[in-house]
Structure formats: structure tokens, C-alpha cells
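Student: Could you walk me through reading a structure, feature by feature? I would like the general idea each time, and then the case at hand.

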Amino acid sequence: MNQTSPERQGKGTVFVRPEICKGCSFCIDFCPTHCLEFTKDFNPKGYHFPVLARPEDCSGCDLCGLYCPDFAIYGERWKDIDARKAKGPSPSPPPASRPIAAPKVQDTEPADPRGVLTGIHFMDGDHAACEGALAAGCRFVAGYPITPSTEVVERFAARIPTVGGVFIQMEDELASSIAVQGAVWGGRKSLSVTSGPGFSLMMEHIGLAAMTETPGVWVDVQRGGPSTGLPTLPGQADMMQAKWGSHGDYEIIAIVPNSPQECFDLMVKAFNLSELYRCPVMFMMDEVVGHMVERVVIPPASEIRVVPRKWTHKPKDEYRAFATTEDDPVPEMTKAGAGYRIHVTGLTHDERGYPAMNAGAQAKLVRRLLGKIRDNADRIMDVREDGVEGAEIVVVSYGITSRIAMSAVEEARRRGVKVGHLRLVVAWPFPAKRMRELAKTVKVFIMPELNMGQMVMEIERAVAGAARVVSLPHAGGSVHEPETILAAILEAGR
Ligand code: SF4
Ligand code: SF4
């Protein structure tokens with residue numbers, strides 16, 4: 001960027017990249033002090049571009065930068081320029097081997113009692129997920145009905161107005177997901193929910209949410225696919241999409257409940273993790289868990305701890321929307337209307353949120369987005385183990401498949417097989433370290449899942465040949481027969 005007037009005549013100055021200006025004149029039209037003009041020169045595209053014609057009138061307010069559609073100009077106050085220069089050049093990105101610190105844990109607080117339906121209920125997983133979100137403080141939901149997730153949407157539509165929140169049915173799933181973006185930056189804890197092809201439509205925005213560190217929860221009640229697939233029949237074939245569905249390098253957290261009770265309990269956890277790490281959290285239900293009706297116990301609000309948003313308390317002229325520290329890789333947040341000047345973009349950005357389109361800024365930002373999750377995988381990891389110590393065979397499963405796997409494991413034990421069970425509650429980040437530890441003693445891992453072999457690839461990657469890995473794929477539409485899993489255990493034990 002070229003500084004168009006280095007003399008200190010006003011309170012600020014502007015920086016222009018003439019070569020990318022398209023001469024729209026927004027900067028000139030919206031400058032409140034009318035200090036910009038077009039030059040008579042042309043840029044390589046054939047447009048006149050702005051210069052600071054009356055530097056004594058420039059306040060550095062950066063309205064020109066906010067209105068420029070091409071990020072070809074920005075304004076800055078001299079005092080901010082001096083402070084930036086005094087800090088010296090940005091440090092080069094940390095080496096890849098250096099772990100990123102854990103986020104500072106905000107104090108948790110009790111849940112807002114308005115959202116907590118304390119009592120013993122008999123409800124399905126879709127409804128329980130809704131109640132979990134309300135208990136966690138979710139006060140904005142956008143969605144588009146699509147089976148088998150429609151009951152989540154229906155319950156929010158009825159329940160959320162009673163607790164001071166808003167539900168909106170958007171025109172499609174992409175719009176629903178993007179509505180969450182606006183609500184979060186407006187200060188709400190927010191969620192969107194879908195199934196099948198709706199999850200595909202949300203992927204464009206989920207990348208933006210990861211890039212802009214927008215906390216929120218996305219519920220996918222998985223059904224058989226691809227495409228329209230099996231609208232009201234189960235699948236678990238979106239597990240890789242949950243992690244890799246948007247473009248670019250980014251990280252998310254994915255949680256997999258296996259009962260209506262967990263749809264409540266783990267939904268609170270999902271919101272807490274999303275606030276703690278400021279990243280999208282995928283709530284990967286499946287049709288059976290969504291439609292299964294069971295007892296759900298909702299505790300009093302005082303017993304539900306929620307992580308509040310990490311609001312900044314910095315003075316307005318010191319706050320940088322994406323600034324982090326050595327000790328805390330998660331930036332403090334503000335919201336629209338709080339009086340802070342913020343710029344939130346999907347472009348690679350600096351700590352102010354302003355576009356910084358170069359390899360150094362990209363390395364620094366992407367490494368932090370990945371590092372805050374990858375380097376804290378041990379803290380985020382949640383697996384439930386049953387009898388894995390000393391087991392020669394371990395069945396690894398998640399979601400509804402875990403309940404079927406458990407009955408097969410119990411039957412195999414009755415027949416004298418040393419078999420354990422490990423359930424993924426947090427599927428992403430994948431507990432690769434724990435798998436490697438187990439592979440020192442376990443001879444065979446067996447993974448049944450309602451897809452043609454997705455998470456099993458993560459076990460193979462983690463154990464790297466140290467143990468045999470058996471995939472038990474199922475194309476979806478129904479669930480495994482316990483006998484299928486039992487047969488695989490007995491075969492592995494021979
Ligand atoms: S920084 Fe503000 S005052 Fe200066 S040119 Fe831009 S809009 Fe005008
Ligand atoms: S707003 Fe941007 S693109 Fe438009 S004239 Fe100003 S600098 Fe050029």
C-alpha cells in the first residue's frame with residue numbers, strides 16, 4: 001500500500017493500492033471530511049484512483065476503507081501508526097513444531113433458568129438437542145426443515161420465543177447458516193440445523209465461520225446419502241464432510257451423541273467448546289438417535305455450567321478483533337453495536353481483521369486456526385472406554401452404532417473373548433494419540449460405522465500398522481445387526 005501523504009497534517013492518513021482500484025468513488029463519496037480526490041493518472045486497469053488531496057482534513061477514521069469494495073484503500077490514525085511502528089515488525093510465524101497454548105478458560109456461569117426445562121422428560125433426540133441448546137444459552141436459530149432434523153426446527157420455532165430468543169426459517173440451508181454468522185456477531189449464541197444435502201449447502205459458510213472464528217453449533221441429523229439419498233433413514237456418512245467439507249485448511253470440533261440424554265448433555269458441551277475455542281462445532285446426530293424416544297433428565301439451571309462469550313473489556317482504541325497473545329490463541333470478541341470498530345472478512349486478515357493478502361499473513365493466521373484445535377486435541381478429546389486395558393480386540397464406534405456394538409462386545413465377553421469398546425464422543429479432533437497408545441497392546445481394532453469406511457481411515461492413520469484394523473462398513477438405511485459385529489469380533493479372536 002502506498003501512503004499518499006506522509007506529512008502529518010491531519011489526525012490520520014490513508015494508504016492506497018492504486019493497481020487494484022476500480023474507480024468506483026465510494027471512498028471519495030463516503031469520506032466525511034471530503035479530503036479525497038481522484039488523481040488525473042490512470043492505474044493499469046485504466047481507472048483514476050484516489051489520493052489524499054487535503055491531508056490536513058483526514059482524521060484516519062477509515063470510512064474509506066470500510067466502503068471500498070476492493071480493499072484498495074484504508075485510513076489510519078497517526079497515533080495508531082506510531083504504536084504499530086513502536087511494536088516493530090510482526091514476528092515471523094512460530095515454527096510448526098511449537099505448540100500453541102490452550103485458550104484461557106473463561107469463568108463458567110450457571111445457565112439462564114429461562115432456557116432450562118428442568119425435570120424428567122420422555123422425548124426424542126431432536127427435541128432433546130433443542131432443549132440442550134436453549135439450556136446452553138442459544139438464543140438464535142436459523143434453519144430450513146429437512147427430515148430427519150425437522151423436529152429440531154419445529155421445537156425451536158415453538159420454544160425459543162418463550163425464552164427471549166428468535167427462530168427464523170430461511171429460504172435454504174446456506175442462508176440459514178449465514179444467518180448464524182450475523183446473529184453471533186450481533187452477540188447471540190446461535191445454531192443451525194439440517195440433514196443430508198442441507199449440510200452440503202452449509203459448507204460454504206462453515207469455512208467462513210472457521211476463518212472468522214465465529215462460535216456456533218451446526219447440527220447434522222445424518223441420513224443416508226449421497227445427494228437426496230434416504231430422507232428418513234439413518235446414515236453416518238457425513239463424518240469426513242464435517243471436517244473437510246469446506247475448502248482450505250481449517251479445523252472444527254465434531255461431537256457425536258448416542259442417546260436423547262446425550263443430545264441434551266453434549267449440546268451444552270458443544271456450545272461451551274465453540275465459545276472456548278471460537279470455532280464451529282458440528283453436532284453429528286443420526287436419524288435413529290434423532291427419532292429415538294427415551295428418558296431425558298434436565299437438571300436445574302444452577303447445575304448446568306455454560307461458558308460465556310469471551311467479551312473484550314479493552315479500551316476501544318486498543319482493541320484488535322483478531323489479536324491473540326503467546327499465552328492465548330483465541331481472540332477476545334465484541335459485537336456489532338458495542339461501539340468497537342471491527343472488520344470481519346473471509347479474506348486472510350491481520351489482527352485488526354483487515355485483509356492482508358500475502359504468504360506471511362496466511363501462514364500466521366492458518367497456523368493459529370489449526371493450532372488452537374490440533375495442539376489442544378488432548379484437552380478436547382472425549383472417548384468413553386470400557387474394558388480396553390488388557391483387551392486384545394477393541395471395537396471403536398460412535399453414535400447409534402456404539403449401542404449395537406456394545407451388545408456385541410458383551411456377548412463376545414460372555415464367550416471368553418478379551419474385547420474392549422471405545423466410543424468416540426468427540427470424533428474431531430480424532431484421538432490419534434490414544435489410539436497409538438492402545439496399539440501397543442491391542443492386536444485388532446474393529447470399526448463398524450454407517451458408511452463405507454470413513455473414520456476407520458483415522459484409526460489406520462493413527463496406528464500406522466502397529467495393529468490390524470478391520471472396517472465393518474454399512475451403506476446406511478438401517479443399522480448393523482449385532483451378530484455382524486459379533487462375528488467380526490469372534491473372527492478377529494481366532
Ligand atoms: S480516513 Fe476518513 S477522513 Fe481520511 S480519507 Fe478516509 S474516510 Fe476520509
Ligand atoms: S472505494 Fe476503493 S475501488 Fe472505489 S475508488 Fe476508492 S479505492 Fe478505488
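Tutor: We will go through domains, ligand shells, cores, helices and backbone geometry in turn. Keep in mind throughout that this is a predicted model.

Student: Next, the ligands. Which residues come nearest to ligand 1?

Tutor: For a ligand, list the shell, then ask what kinds of residue make it up. Ligand 1 has 14 residues around it, and Cys 31, Cys 58, Cys 61, Cys 64 and Gly 75 come nearest. Two elements, β2 (12-16) and α2 (63-67), each give two or more residues to that shell. By type, the shell around ligand 1 holds eight nonpolar residues, five polar and one charged.

Student: And which residues are closest to ligand 2?

Tutor: Ligand 2 is surrounded by 14 residues, the closest being Cys 21, Cys 24, Cys 27, Cys 68 and Ala 72. This shell divides into 10 nonpolar, two polar and two charged residues.

Student: Cys 27 is in that list. Is Cys 27 buried or exposed?

Tutor: To judge burial, count the C-beta atoms around a residue; 20 or more within 10 Å makes it buried. Cys 27 has 25 such neighbours inside 10 Å, so Cys 27 counts as buried. Cys 27 sits in helix α1. Beyond its neighbours within four places in sequence, Cys 27 is in contact with Leu 36, Pro 50, Cys 64, Tyr 67, Cys 68 and Ile 73.

Student: How should I think about a nonpolar core?

Tutor: In soluble globular proteins, nonpolar side chains tend to be buried together. Here the largest nonpolar core has 113 residues, and the members touching the most others are Ile 253, Ala 254, Ile 255, Met 267, Phe 283, Ala 427 and Ile 489. Helix α9 (residues 260-277) contributes the most to this core, giving 10 residues. Domain 2 (109-306) and domain 3 (383-492) each supply at least three residues to this core. There is also a second, separate core of 16 residues, with Val 14, Cys 27, Leu 36 and Cys 58 among them.

Student: How do I read a helix?

Tutor: An α-helix has 3.6 residues a turn, so residues three or four places apart point the same way. Look at α13 (residues 400-414): its 15 residues reach 22 Å from first C-alpha to last, close to the 21 Å expected at 1.5 Å a residue. The buried residues in α13 are Ile 400, Thr 401, Ser 402, Ala 405, Ala 408, Val 409 and Ala 412. After α13 comes Gly 416, with a positive phi near 90 degrees.

Student: What covers the buried residues of α5?

Tutor: In α5 (150-159), the buried residues are Thr 150, Glu 151, Val 152, Val 153, Arg 155 and Phe 156. Their cover includes β7 (119-124), α4 (125-135), β8, β9 (166-169), β10 (189-194) and β11.

Student: Which residues does a cis peptide bond join?

Tutor: A cis peptide bond joins Thr 147 and Pro 148, with omega about 10 degrees, and Pro 148 lies in the loop between β8 (138-143) and α5. Another cis peptide bond joins Gly 225 and Pro 226, with omega about 5 degrees. Pro 226 is in the loop between β11 (216-224) and β12 (230-234).

Terms used
Residues numbered from 1 in each chain as written. Chains lettered and ligands numbered in written order. Predicted model: local features only at pLDDT ≥ 70, side-chain atom pairs only at ≥ 80, totals over all residues. Near = placed C-beta within 6 Å. Helix = DSSP H or I, 4+ residues; strand = E, 2+ residues; numbered from the N terminus. Nonpolar A, V, L, I, M, F, W, Y, C, P; charged D, E, K, R; others polar. Core = buried A, V, L, I, M, F, W, Y, C linked by C-beta atoms within 7 Å. Buried ≥ 20, exposed ≤ 12 C-beta atoms within 10 Å, placed from the backbone. Domains from an automatic or database assignment. Expected span 1.5 Å × (residues − 1). Contact = placed C-beta atoms within 7 Å.
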